[in-house]
Every structure is written in C-alpha cells, then in structure tokens.
Amino acid sequence: MLIKQLSIFLENKSGRLNEVSAILGAAGINMSAFSVADTSEFGILRLIVSDHEKALKVLRENSFSVSLTDVVCLNCPNQPGALARALGILSDNNVSIEYLYAFSVGETANVVIKPDDLEKCIAVLTEHSMELVKASDLYRI
Amino acid sequence: MIWNEKIECATRDEMRSIQSKRLNDTVQRIYHAIPYYRKKMQEAGLTPHDIKSVDDLKKLPFTTKADLRDNYPFGLFTVPMSEIVRLHASSGTTGKPTVVGYTRKDIQMWSEVVTRSLCMAGVHHHDIVQIAYGYGLFTGGLGIHYGTENLGASVIPISGGNTTKQIQLMEDFGSSVICCTPSYALNIAEVMKEQGVNIKNLKLRVGIFGAEPWTEAMRKEIEDKLGIKAIDIYGLSEIVGPGVSCECEHQCGMHINEDHFLPEIIDPETLEPVAPGEMGELVFTTITKEGMPLIRYRTRDLTRLIEEKCACGRTLVRMVKCKGRSDDMLIIRGVNVFPSQIESVLLQMSEVEPHYLLIIEREGTLDTVTLMVEVQEQFFSDEVRKLQELRMKITRQLESTLGISVNVKLVEPKTIERTAGKAQRVIDKRLLI
C-alpha cells in the first residue's frame, strides 16, 4: 500500500528541474507521477519513479538533498464527485492531508496523498472500500 | 611533555628579565640598521637608551601592515640578503604581498616554538604528523614541518587539497596527528562520511588547527566528527608564522612563546594599553628575530590575555581564542558584525551545515544582508511548511544575536565552495568610500 516517493530540495535556479530529469533519464529511470511545491526561495520536487533506490543513489551522487517519503495512492473513478467522497471520508475521520497531487489515466484517477497519519489514512480508506494502488503497479505506469 | 621547561615554566620575574634584555637588544639593532625605524623613533623623541625594560615598550611607535607595504619588499630587513636563508610571503588583501625574511637562527627559533606548540598539543616523537597546510610562500606548511622534524615525529608533507588522498594516507600510513585549517578539517570529515570511512579505523587522535578564526562550537563539531582533540594554534607570517602561541591539552587559551614574541593588548581606537585581562587588539614585538624584527606590530586580532599559571604547569601568558579581527569586522547598518557570530548561531542548530556565505549589498542607502546556508539531507523535510519554519528559526536567532535582520536563503548541499585554505565567508558588494 505504501508508495515510496522521492522528495528533492531545489533552489529556485533555472535549469535545476531539467538537471534532475536528465540525471534520471540517463539512469533509465521512468517517472510515474510528479509534482512541484514552490516558494519564492526554493522548491520541493516530489516524484514517483520506476526505481526509487537507484534514483536516490544517482541523485545523491550528484549532490542533491533527497529523501524518501511514504505516501498512499488512491485509485478512484474519473468522475465528478469521486474525489470529494474520498476526501470526505478522511475529513470525517480526522485525517489531515499535508499535500496531494493527482493524475488521471482514462477511466480512473490516481490521487497521491501525504496524510499526517499514514496508518489511519489507509485504515479508513480501506474500511470504506476505497481502492488503493499497489506500489508495484504505480511504479510501472 | 613540556619541551623547554626552563622557559615555559619560568616565574614572571625571570620572564620579565629575559624579555627586557632582549627588547633592549632588538631596539638597539633596528635603530642602527633601519633608517625607517630610526626616523620613527626620532620623531617620537626616543633613543635606544630610553627602552630599558618591558615597561618602556609603550613609548615605542606602532608598526602596521601599511609600513610593510611601504618598505616592500626587503626594506625592513635588518641583515644583508646574504644572511637571509628563507623568504615567505602572505597574500595581501590589497596591493602587494607582505614579505618576511628569516636568518638561519630565525628558522631555528621558529622550529623551537613550533616544537613547543606540538608538545603543548600532546604530540610525541612517535607520532605520525600529516601536514595538510599549504607548503610554499604561506608559512603554515613549512613552519609546522620544521617544528615536527625538530621534535622527531614523522612528517607526511602532503600539503593542502586532494582530500581523497589525505584520507587514503590517514588510513594507510596511520597518521595520528592532522594539521590544517579548521574549515578544511570539516571538509575532510565530510568527504570521509561520503566515502563511508569509519573514524574508528583511523589512528588520528590530535588535530592542530589555525590560520583562520574558528569558534568553540566548530571545535566541538570537528572533535565529534573526526574523533580527535582539536587544538588551536596561532600565528601570523609577519611575526614568524604558526607557533606564536598554541593551546595545551587543557584547551584554555593559547600559550604565547613570550620569550620571543612580547604581547600587548591595546584599545584599537585610542591605541592605549587596556587594563590587564581586558579585551582589545593584540600587538606583538619580536625580541629575538634577526631577519625582520617588528616593533609593536598591530595584528588586528581581538583577544585578551590570561596571566595565571595554567593547569599544565606552564607560566607562559595565554591568549583566548580570537574573537575576530578588528579589520574583518563588518559594519552593517551601523552595527558591528563578526562572521564568527554567524558561525556560532549556525553551529548551534543541528539542521544546517556550518558552511555559509554572507553577501552584503547596498540598495540606495540601506544595506541588505543575505545569508546562504546549506540544508543537510537528514533534516530536509518534504514539507514546505517545515522548511519555512527552519528558515524563520535561523532568521530569528541571527536577528537576536547580531541585532540586524538577515535574509536567510536555504541552498542545496555543496553549493558553497569548499576550500583547502582559508574559507571565504563574506562577500561585501557595497562600495564603501
């Protein structure tokens, strides 16, 4: 259930994002999902990739500050109201969301969620028959 | 071990008597040998007979870096070039370098004071000493080298830089002592960590660090990361090079080799001696040097003296770690700022690397200060909020320590240049007239 997400600290300098993607590309690592949080000073790049251990290694070799964060990925129908239902469950059960990002593929939408309480998040979603994406499936997208 | 117990443990009276005699000899010599000094003394209404003891020192005029520049290159040498066996030079921040010349006897004296310093640091003749100070015109490398050979320890004259090789030799040769700048010591520790070197497999036990100001917090960090005792050594090429003073194993101030270098503390504004034990600018008079003696040379280093006998048994007067230099003090929006203050704030926070760069600019009439600090990977959070909290924490701490507001910029690891020599911590882009 747990998805390993790479988080990379980036300064707001032109070309840095490009560098990360070039390094991963050269190492033959594919990106499944991707999001950038930015402030005026710095940004945090969040990535889900095909091989996070290898990505961690090559990025560290290139002097990036990288960490692995556990997140969950919700699979819900690509339909109006589907996300609201899922978020409503979390909110009703007092699970806060630090951040989330989403991408849709045809009929389904994938929502990557970083909750404050990972275990509780998984428990309540599973209890309400929400479908969570398996790590191995997500890494293959 | 105390190398020269007779001198290093002499009573105050014995020391005073040695100093007075040597001061008188030096003043006689320079008055007759150097027209520049003679003129300065005559202008002050002095003849060599007016300087009978150390109490008369305060009558003599000061010497500054500007005097050395005016007499570039050899104008202040008291002996003919045929008697000079070595030249060293330090890079001048402005204009020409500062040149110093040593006679054979000067080199012997220098070796002696460095040997004393090594013994203070707890180095023995069976140690293997890796000298990672630069060799060449800079006094660091050769100065420590001669003193180490004089002690009878084994020298690895590797010089500065090539950190991977430094670590390899530490492992292969079993170096027990490392000598370099404190910032380079941290650099070595960082590379060791990257390479997965376990310090427990090294024989290192003592580090002798100098040539740039460093704080107690930085000492602790070096000691923890390298698993050694970090000893502070002090010197400047104009006086002799490293070995002017050095800490003993008690780490409670640096013992000045005052039978060769007579210290005073003055108020840098009024130029008057301060009360005993007060903080001020350190001034040295060399009383045995032949090649280029200096009278009341203003070091610009801020410190204070401790006269009490040390727990190690030495009576040599001690100077506390330099608080900064009266000339690298920054005045930002009218507030005096020492780079060492910034360092101590950062070192108190475990989240950031002690590598920083301070950039000062002037917009209109207002000075703006930007501090770039590196975020360590283990504290890097993937939540924006937490990084911004860290940034605010540093900003608040700096503001309360320095009394000015600083724009803190978090940067990626390894962004700030590492050097094998003196680290550049400050870039002042203001055009100050």
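These legends describe close-up views of a predicted model. Local features need pLDDT of at least 70, side-chain atom pairs count only at pLDDT 80 or more, and totals for chains, interfaces and linings use all residues. Residues are numbered from 1 along each chain as its sequence is written, chains are lettered from A in the order in which they are written, and side-chain values use heavy atoms, with hydrogens and water left out.

**View 1. The two domains of chain A.** Domain 1 of chain A covers 3–69 and domain 2 covers 70–133. The bounds come from an automatic or database domain assignment. Taken over C-alpha atoms, the centres of the two domains are 23 Å apart. Twelve residues of domain 1 and ten residues of domain 2 make the contact (heavy atoms within 4.5 Å). About 870 Å² is buried between the domains, with 57% from carbon and sulfur atoms. Buried area is the accessible area (1.4 Å probe) that two parts lose on being put together, summed over both. A:Ile3, A:Arg46 and A:Thr69 supply 53% of the area that domain 1 buries against domain 2, more than any other three residues.

View 2. One salt bridge is counted between domain 1 and domain 2 of chain A. A salt bridge needs a side-chain nitrogen of Lys or Arg within 4 Å of a carboxyl oxygen of Asp or Glu. The side chains of A:Lys4 and A:Asp70 form a salt bridge at 2.9 Å, N to O. Strands β1 (3–11), β2 (31–38), β3 (42–49) and β4 (65–77) of chain A each supply at least two residues of the side of domain 1 that touches domain 2. Strands (E, at least two residues) and helices (H or I, at least four) are DSSP runs, numbered from the N terminus. β2(A) gives the most to this side of domain 1, with four residues.

**View 3. Chain A against chain B.** Here 24 residues of chain A are in contact with 20 residues of chain B. The area buried between the chains is about 1800 Å², and carbon and sulfur atoms give 50% of it. In chain A, A:Phe9, A:Glu11 and A:Glu41 lose the most area to chain B, together 34% of what that side buries.

**View 4. Salt bridges between chain A and chain B.** Five salt bridges are found across this interface. One of them joins A:Glu11 and B:Lys409, with the closest N and O atoms 3.8 Å apart. β1, β3, β4 and β5 (97–105) of chain A give two or more residues each to the side that touches chain B. β1(A) gives the most, with six residues.

**View 5. An aromatic pair in chain B.** B:Tyr234 and B:Phe284 form a tilted pair, 6.5 Å centre to centre, with 35 degrees between the planes. Rings of Phe, Tyr and Trp (its six-membered ring) pair if their centres lie within 6.5 Å; planes under 30 degrees apart count as stacked, over 60 as edge-to-face and the rest as tilted. B:Tyr234 is in strand β7 (residues 229–236) of chain B, and B:Phe284 is in strand β11 (residues 280–286), 50 residues apart.

**View 6. Two backbone features in loops.** Most residues other than glycine have a negative phi, and most peptide bonds are trans. A cis peptide bond joins B:Tyr72 and B:Pro73, with omega about -5 degrees. B:Pro73 lies in the loop between α4 (65–70) and β1 (84–90) of chain B. A:Ser129 has a positive phi, near 55 degrees. A:Ser129 sits in the loop between α4 (118–127) and β7 (131–132) of chain A.
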